[in-house]
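Here is a short briefing on one protein chain. Look over the sequence and the 3D view, then work through the points below.

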Amino acid sequence: MFTLWTLIEASLLCLNAVCILHEERFLAKFGWGRQAGQHNFGAPTAKDQVLNLIRSIRTVAKIPLIFLNIIAIIFKLLLG
């Protein structure tokens with residue numbers, strides 16, 4: 001059954017996945033490492049914007065995700 005909780009849980013899992021991506025180990029294999037967007041002098045490309053979004057999410061959402069994960073775990077334990 002598709003509910004609001006499953007949508008929230010899916011977005012929480014996606015945010016967790018973005019936060020644990022390691023640039024040197026995973027993203028650099030595909031040319032998306034830290035050095036990928038530093039040689040552009042013009043407008044940023046879509047790839048540069050996605051990399052910036054990943055870095056921003058990792059910086060801003062790390063601490064709130066800890067608390068959101070705790071709430072989600074408690075919710076799952078209580079209600080199944």
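I8 sits in helix α1. Keep in mind that this is a predicted model.

**Overall fold**

- How many helices and strands does the protein chain have? There are 3 helices and 0 strands.
- Along the sequence, the pattern reads α-α-α.
- Helix α1 covers residues 4–20, helix α2 covers residues 46–60, and helix α3 covers residues 62–79.

**Size and surface**

- The C-alpha trace spans about 50 × 25 × 20 Å along its principal axes.
- The radius of gyration of the protein chain is 16 Å, whereas a compact globule of 80 residues would have one near 12 Å.
- Of the 80 residues in the protein chain, 19% are buried.

**Confidence**

- The mean pLDDT of the protein chain is 84.
- A score of at least 70 is reached by 91% of the residues.
- Which element has the highest mean pLDDT, and which the lowest? Helix α3 has the highest, at 93, and helix α2 has the lowest, at 86.

**The largest nonpolar core**

- Which residues make up the largest nonpolar core? The 6 residues are L12, C19, I57, A61, L65 and A72.
- Helices α1 and α3 are the elements that each give two or more residues to this core.
- C19, one of the core residues, lies in helix α1.
- Is C19 buried or exposed? C19 counts as buried because its relative accessibility is 15%, and the cut-off for buried is under 20%.
- Leaving aside residues up to four places away in sequence, C19 touches I57, R58 and L65.

- Contacts between residues 24 or more positions apart account for 55% of the protein chain's contacts with a separation of 6 or more.
- C19 and I54 are 35 residues apart along the chain, and their C-alpha atoms are separated by 7.6 Å.
- I8 and A72 are 64 residues apart in sequence, with 9.4 Å between their C-alpha atoms.
- I66 and N16 are 50 residues apart in sequence, and the distance between their C-alpha atoms is 9.4 Å.
- I66 lies in helix α3. I66 is partly exposed because its relative accessible area is 44%, between the cut-offs of 20% and 50%.

**What the UniProt record lists**

- An unreviewed UniProt entry lists residues 1–17 as "signal peptide".
- In this model, residues 1–17 are 82% helix and 0% strand. The end C-alpha atoms of that span lie 23 Å apart.
- The unreviewed UniProt entry also gives the annotation "transmembrane region" for residues 60–79.
- How much of residues 60–79 is helix, and how much is strand? The span is 95% helix and 0% strand, and its end C-alpha atoms are 29 Å apart.

Notes:
Residues numbered from 1 in each chain as written. Predicted model: local features only at pLDDT ≥ 70, side-chain atom pairs only at ≥ 80, totals over all residues. Heavy atoms only, no water. Core = buried A, V, L, I, M, F, W, Y, C linked by side-chain atoms within 4.5 Å. Buried < 20%, exposed > 50% of the residue type's maximum accessible area, 1.4 Å probe, protein only. Helix = DSSP H or I, 4+ residues; strand = E, 2+ residues; numbered from the N terminus. UniProt positions renumbered as here; feature names shortened; annotations may be inferred. Rg over C-alpha atoms; globule rule 2.2 N^0.38 Å. Contact = heavy atoms within 4.5 Å. pLDDT = per-residue confidence, 0-100.
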